[in-house]
Amino acid sequence: EGNSIMALNDMISAKLTTIKGKLDIFPFANDAVVLGALIGLSYIGIALTRVSPEASHLYWMVMIPVFGAISLLAQWQLVRADPKKWSVLLRRQLFHWIGLWVAVHMTYMLLGVGLLNYESVGFVVLLLLAFAFFSQGVYVDWPFYIVGGFLAVSLLVAMYLTSYLWI
């Protein structure tokens with residue numbers, strides 16, 4: 001059993017090395033592109049929630065694992081030499097992003113039973129994303145603070161614009 005775990009770890013590491021080598025999008029100079037993409041994908045989802053709430057549910061159920069994969073790839077280069085650190089990182093990332101996935105799905109369940117409206121769902125999902133990225137910054141790497149903070153400020157701006165301008 002121990003050998004199969006090590007073999008799986010080696011296989012995953014080899015695949016990530018191949019992916020990382022082909023993409024090479026995570027050097028420090030390109031962190032802004034990755035962070036901008038995460039923020040942009042979040043904004044697309046929030047806009048979709050306002051326009052087509054049914055489609056937005058599917059969007060979030062797909063995008064949250066994508067966020068997790070991007071986060072994992074971004075952090076893999078820091079722990080790739082140590083299988084123990086890799087397994088800890090992988091476990092933490094899985095629980096973190098699965099937790100967000102479940103929370104967003106439960107938000108849509110609240111919508112389904114009439115306890116939230118479509119506008120509220122957008123705000124709740126944005127709050128959940130802001131918190132998820134911020135806590136990712138606490139436990140994984142500081143650039144995720146930026147994404148979480150930016151999304152939180154965006155939530156505040158959207159909240160005040162909606163309440164004062166009736167958008």
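This is a predicted model: local features need pLDDT of at least 70, side-chain atom pairs count only at pLDDT 80 or more; totals for chains, interfaces and linings use all residues.
Local features are given for pLDDT of at least 70 and side-chain atom pairs for pLDDT 80 or more, while totals for chains, interfaces and linings use all residues. Residues are numbered from 1 along each chain as its sequence is written, and side-chain values use heavy atoms, with hydrogens and water left out.

The protein chain has 6 helices and 0 strands. Helices (H or I, at least four residues) and strands (E, at least two) are DSSP runs, numbered from the N terminus. From that end, the order of elements is α-α-α-α-α-α. Of the 167 residues, 35% are buried, where buried means under 20% relative accessible area, exposed over 50%, and partly exposed in between (1.4 Å probe, protein chains only). The accessible surface of the chain is about 9,800 Å², and carbon and sulfur atoms account for 73% of that surface. These areas come from the Shrake-Rupley method with a 1.4 Å probe; for residues, only the protein chains shown count as cover. Among contacts (heavy atoms within 4.5 Å) between residues at least 6 apart in sequence, 63% join residues at least 24 apart.

Helix H4 (residues 83-112) packs on helix H5 (residues 118-139) at an angle of about 170°, and their axes are 10 Å apart. That angle makes H4 roughly antiparallel to H5. Axes are lines fitted to C-alpha atoms, for helices over the stretch in contact, and angles run from 0 to 180 degrees between N-to-C directions. Angles under 35 degrees count as roughly parallel, over 145 as roughly antiparallel, 65 to 115 as roughly perpendicular and the rest as oblique. On the H4 side, the residues in the contact include Trp 97, Leu 100 and Val 104; on the H5 side, Leu 128, Leu 129 and Phe 133 are among them. The contact divides into 14 nonpolar, 5 polar and no charged residues. Here Ala, Val, Leu, Ile, Met, Phe, Trp, Tyr, Cys and Pro count as nonpolar, Asp, Glu, Lys and Arg as charged, and the others, Gly among them, as polar.

Next come the aromatic rings. Rings of Phe, Tyr and Trp (its six-membered ring) pair if their centres lie within 6.5 Å; planes under 30 degrees apart count as stacked, over 60 as edge-to-face and the rest as tilted. By this rule there are 8 aromatic pairs. One of them, Phe 134 with Tyr 145, is tilted, at 5.0 Å centre to centre and 55° between the planes. Phe 134 lies in helix H5 and Tyr 145 in helix H6 (residues 143-165), 11 residues apart. Phe 134 is partly exposed at 40% relative accessibility, and Tyr 145 is partly exposed at 33%. The pair of Tyr 160 and Tyr 164 is stacked, with 5.9 Å centre to centre and 5° between the planes. These two tyrosines are 4 residues apart in H6, so about one helical turn separates Tyr 160 from Tyr 164.

Phe 67, Trp 97, Phe 133 and Phe 144 form one aromatic cluster. Phe 67 is in helix H3 (residues 53-79) and is buried, with a relative accessible area of 0%. Beyond its neighbours within four places in sequence, Phe 67 is in contact with residues including Leu 38, Trp 60 and Leu 129.

Ile 39, in helix H2 (residues 31-51), is buried at 11% relative accessibility. Residues up to four places away in sequence aside, Ile 39 touches Val 147 and Phe 150. The C-alpha atoms of Ile 39 and Phe 150 are separated by 7.8 Å, although the two are 111 residues apart along the chain.
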